[in-house]
Amino acid sequence: MQAAVHFNPFDPGFQADPFAFYRPLAAAGPLHRTRLGVWIAVGYHECAAILGDSRFLRDHSKVPRRGGRHDPENRAVQSAAMAMLNLDGAAHDRIRGTFSPLFTRRNILRYQDEIDRGAQALLRHAEGADRFDLVRDFALPLATDTIKAMLGIGDCDSALIQRFTTDSVIFLEPVTPTADELVQAEQSYHRLAAQIAGAIAAANDAAHPLHPIRTRVDEGALTADEAAANIAFVLSAGIDTTVNLICAGYLTMAAQSVAAADLANEAVINELLRLSPSIHMTGRVAAEDVLLGSSMIKAGSLVIVAIAAGNRDPLVFSNPDAIDPHRKGPVSLGFGAGRHFCIGVHLAKLEAAIAWRHLLRHLPPVGAGAIEIEYERRAFIRTPRRVLVRRGGADGGPTTVDNGR
Ligand code: HEM
């Protein structure tokens, strides 16, 4: 039997280079049991198999967590439990089916010009400044304005949506939030849910993006609480991951000297998506004993699916850390796979491609400015808090600040 491995994404140094932690695991095999008893898949095929297998559930509610259980009375906890990502089977499909028409490729393309104008306006605004924060000055307002426009909730407070996005990410992480974090999440959810309820009530017009959701609530197919919880979830999913993707892609382009003209090639965009996933890891719980390869994963076991590692599996992608526009590999797992495959994939790809194109045109060439990066101390969702680009700054590669809590 294979020995249990050490893997702790809260180790110092993980934020600066998580791939340095995945690589030795991948070299030792595609699937491991850690010393904490949790499984971790780092091989591409193993990650894809787990995500596509309905015996691995998203609903973690019955699994004891490090540090105890969530407070079930907390409204933010209740809303996270109603979010489609945390549901399985028919309960999941009912909610997802209500929201998926909003996110078809055809519908998303209607927002292309608006995203393009938004990106250009933000960069024009920052022109001339000697310091540019990719998160605060660009990616965050762009992602917020875009998802608000898509949901037709222009009146909702952007700062509140961003606050909730930051507060609620704790529910996607593998440790139990602190009491303070739970209070904070509940407060921001409480205020946001009130604004969302107002937006749903005002969606009388059949052309309003939220009208189909309001109709489902009126028909009794969806409760008002489920609608609000999932609109809040879609808002936070659409902001956090997109900001991370725009920043991670920019850093990959900077490191690998990608030029604006290269982005006309869709294969380069796909490589950026493979190399720069926002969601580095996700979790599943085995509903029954499952034999995966030669490993028996016992019912109730927690399984970490290391998407970022699977996307660089050297057995599947040769020279895995490099952008190779001629690569003939399977599709990247950056947007997940199976039932929970990202509903926002078309929007995320469109936004990222537009953002990267404009960024490469406006920001100084790599090496001409210093990039300083500060990450949130998170395990699953790789979140830059600040990506500071100094025009005409010192030469040299990016410096990373590990933001301890
Ligand atoms: C731009 C707007 C986005 C929206 C509105 C959005 C929304 C969602 C939603 C609602 C789900 C859950 C789907 C379900 O359970 O059926 C999901 C899953 C997922 N999303 Fe996105 N997302 C967006 C962007 C992104 C980006 C930029 C990434 C990464 C590059 C990403 C990666 C994922 C992954 C990996 C999952 C699956 C998680 C799992 O199965 O555990 N998403 N997304």
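How many residues does helix H11 have, and how far does it reach from its first C-alpha to its last? Helix H11 (residues 224-255) has 32 residues and spans 46 Å, close to the 46 Å expected at 1.5 Å a residue; that expected span is 1.5 Å times one less than the number of residues. This is a predicted model, in which local features need pLDDT of at least 70 and side-chain atom pairs count only at pLDDT 80 or more, while totals for chains, interfaces and linings use all residues. Residues are numbered from 1 along each chain as its sequence is written. Helices (H or I, at least four residues) and strands (E, at least two) are DSSP runs, numbered from the N terminus.

H11 is mostly covered, with 28 of its 32 residues buried. Buried here means that 20 or more other C-beta atoms, placed from the backbone, lie within 10 Å of a residue's own; with 12 or fewer it is exposed, and in between it is partly exposed. The largest nonpolar core holds 121 residues, and Ala139, Ala232 and Ala306 have the most contacts inside it. H11 gives this core its largest share, 19 residues. Such a core is a set of buried Ala, Val, Leu, Ile, Met, Phe, Trp, Tyr and Cys residues joined through C-beta atoms within 7 Å. Leaving out residues up to four places away in sequence, Ala306 touches Tyr22, Ile40, Ala41, Val42, Cys47, His280 and Met281; contact means C-beta atoms, placed from the backbone, within 7 Å.

Now for the ligand. It is surrounded by 25 residues, the closest being Thr282, Gly336, His340, Cys342 and Gly344; a residue counts if its C-beta atom, placed from the backbone, lies within 6 Å of the molecule. H11 turns up again, supplying the largest share of this shell, 6 residues. Helix H14 (345-362) is also among the elements that supply at least two shell residues. By type, the shell divides into 14 nonpolar, 9 polar and 2 charged residues, where Ala, Val, Leu, Ile, Met, Phe, Trp, Tyr, Cys and Pro count as nonpolar, Asp, Glu, Lys and Arg as charged, and the others, Gly among them, as polar.

Next come the strands. An open sheet with mixed pairing is formed by 5 strands in the order E1-E2-E8-E5-E3. Its edges are E1 (31-33) and E3 (56-57), each pairing on one side only; strands pair if DSSP finds at least two bridges between them. Strand E8 (residues 302-305) is covered on both faces, with Leu302 and Ile304 buried on one side and Val303 and Val305 on the other. Strand E2 (residues 39-41) runs parallel to E8 over 3 bridges; Trp39 partners Val303 and Ala41 partners Val305. Strand E5 (residues 282-286) is antiparallel to E8, joined by 4 bridges, and Gly283 stands opposite Ile304.

Strand E9 (residues 370-375) has Ile371, Ile373 and Tyr375 on a covered face, and Ala370, Glu372 and Glu374 on an uncovered one. In a regular strand, side chains alternate between the two faces of the sheet. E9 runs antiparallel to strand E10 (residues 384-390), with 6 bridges joining them, and Ala370 sits opposite Arg390.

Finally, two loop residues have a positive phi. Ser257, in the loop between H11 and helix H12 (266-275), has a phi of about 50° although it is not a glycine. Ser257 is exposed, because 11 other C-beta atoms lie within 10 Å. Asn319 lies in the loop between helix H13 (307-310) and H14, with a phi near 45°. Asn319 has 10 C-beta neighbours inside 10 Å, so it counts as exposed.

Note on methods:
Two residues are in contact if their C-beta atoms, placed from the backbone, lie within 7 Å.
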